[in-house]
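Please look over the sequence and the model shown here.

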Amino acid sequence: FNLFGREFPLGGMNEAGLVVESMMLDKTQYPPKDSRPEIMVSQWIQYQLDNFSRVEDVIASDSKIRIQSSRYSKPHFLICEQSGICATIEFIGGELIYHTNERLPVKTLTNSTYADSLSFWRKDELHESDKNNSIERFIRSANMVKGYDPHATDKPVEYAFNILKEVEQDSSKTQWSIVYDIAALKIHFRTYGNQKIRYFDLNSFDFACSTPVKVMEVGVDLSGDIGDKFIEYSYLANRNHIRKFYLESYFSAIPDHILDRFSGYPETTFCNE
């Protein structure tokens with residue numbers, strides 16, 4: 001799922017069932033420059049989806065690459081693999097901090113550090129001034145995750161959407177809600193402009209290097225299975241998408257040389273079977 005065009009996602013799932021999703025965290029501080037190659041946050045997300053199927057490999061990749069410091073983009077990450085193992089990854093004080101297995105008693109993340117959120121959740125304590133903030137949303141979502149009973153609820157996707165609805169900060173600002181069915185390799189989503197749930201099955205796509213890349217405008221007026229509605233990627237479509245995003249966002253206009261740089265970046269990458 002990309003705002004900035006191809007190769008610069010905010011999150012997604014690959015054909016092995018690895019999911020990487022990002023949320024803003026003001027306390028984020030990426031590591032200082034060292035011998036590792038640096039990449040942008042969105043490139044880091046794409047790198048993980050391109051290369052790995054396991055959470056432990058994502059964590060281990062910190063020895064190979066580092067995220068470039070940014071004043072504006074400071075997310076932390078919730079990552080899950082098809083086996084059900086998940087992890088949170090945060091960069092605090094320039095160091096990678098992660099929680100997984102027994103250190104991840106509830107697979108939930110909002111916009112506070114996992115450690116702070118977990119502490120409040122365990123104490124079940126919240127001051128009145130904290131209502132509707134990140135910690136409060138973490139507690140609500142964590143309780144709903146823990147309260148899920150697969151024997152009593154036969155619609156897990158609907159339950160997941162209900163969690164997202166329950167903890168959204170402002171329905172007028174929520175641009176999309178995404179539910180990843182990792183076991184079935186299906187992605188369900190809805191958008192601000194189209195509340196009808198759409199889904200597609202990664203099993204229906206051909207991921208061979210010889211097949212064309214396919215894309216879809218996320219706000220398209222469709223519902224149900226949209227797997228056969230994707231179109232072939234083109235440089236022009238990517239350029240128009242990036243320009244549209246910048247014109248509609250707080251970044252305003254983007255100089256042509258920057259637009260050309262981001263639009264043409266996918267042509268510098270290659271597919272490796």
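**Helix packing and local geometry**

Asn-240 lies in helix α6, where helices (H or I, at least four residues) and strands (E, at least two) are DSSP runs, numbered from the N terminus. The model is predicted, so local features need pLDDT of at least 70 and side-chain atom pairs count only at pLDDT 80 or more, while totals for chains, interfaces and linings use all residues. Residues are numbered from 1 along each chain as its sequence is written, and side-chain values use heavy atoms, with hydrogens and water left out.

**Asn-240**

- With a relative accessible area of 43%, Asn-240 is partly exposed; buried means under 20% relative accessible area, exposed over 50%, and partly exposed in between (1.4 Å probe, protein chains only).
- From C-alpha to C-alpha, Asn-240 and Pro-105 are 43 Å apart in space, and they are 135 residues apart in sequence.

**α6 and α7**

- Helix α6 (residues 235-248) packs with helix α7 (residues 256-264) at an angle of about 130°, and their axes are 9 Å apart.
- This makes α6 oblique to α7: angles under 35 degrees count as roughly parallel, over 145 as roughly antiparallel, 65 to 115 as roughly perpendicular and the rest as oblique.
- Axes are lines fitted to C-alpha atoms, for helices over the stretch in contact, and angles run from 0 to 180 degrees between N-to-C directions.
- On the α6 side the contact (heavy atoms within 4.5 Å) is made by Tyr-235, Asn-238, Arg-239, Ile-242 and Arg-243, and on the α7 side by Asp-256, Leu-259, Asp-260, Phe-262, Ser-263 and Gly-264.
- Four nonpolar, three polar and four charged residues make up the contact of α6 with α7; Ala, Val, Leu, Ile, Met, Phe, Trp, Tyr, Cys and Pro count as nonpolar, Asp, Glu, Lys and Arg as charged, and the others, Gly among them, as polar.
- Leu-259, Phe-262, Ser-263 and Gly-264 are the buried residues of α7, and they pack against α6.

**α3 and its surroundings**

- Buried in helix α3 (residues 114-123) are Tyr-114, Ser-117, Leu-118 and Trp-121.
- Viewed down the axis of α3, these buried residues fall within an arc of 95°, so they line one face of the helix; the arc is that of the directions from the helix axis to the C-beta atoms.
- Among the elements covering the buried residues of α3 are β6 (86-92), β7 (95-100) and α4 (134-146).
- The axes of α3 and α4 are 9 Å apart, and the two helices pack at an angle of about 70°.
- α3 and α4 are therefore roughly perpendicular to each other, and α3 passes α4 in a right-handed crossing.
- From α3, Tyr-114, Asp-116, Ser-117, Leu-118, Phe-120 and Trp-121 make the contact, together with Ile-135, Phe-138, Ile-139, Ala-142, Asn-143 and Lys-146 from α4.
- The contact of α3 with α4 has eight nonpolar, two polar and two charged residues.

**Positive phi values**

- Asn-101, in the loop between β7 and α3, has a phi near 50°, which is a positive value in a residue other than glycine.
- Glu-7 is found in the segment before β1 (11-13), and the phi of Glu-7 is near 80°, a positive value in a residue other than glycine.
- Glu-7 counts as buried, at 13% relative accessibility.

Definitions and conventions. A crossing is left-handed if the near helix is turned anticlockwise from the far one by less than a right angle, and right-handed if clockwise.
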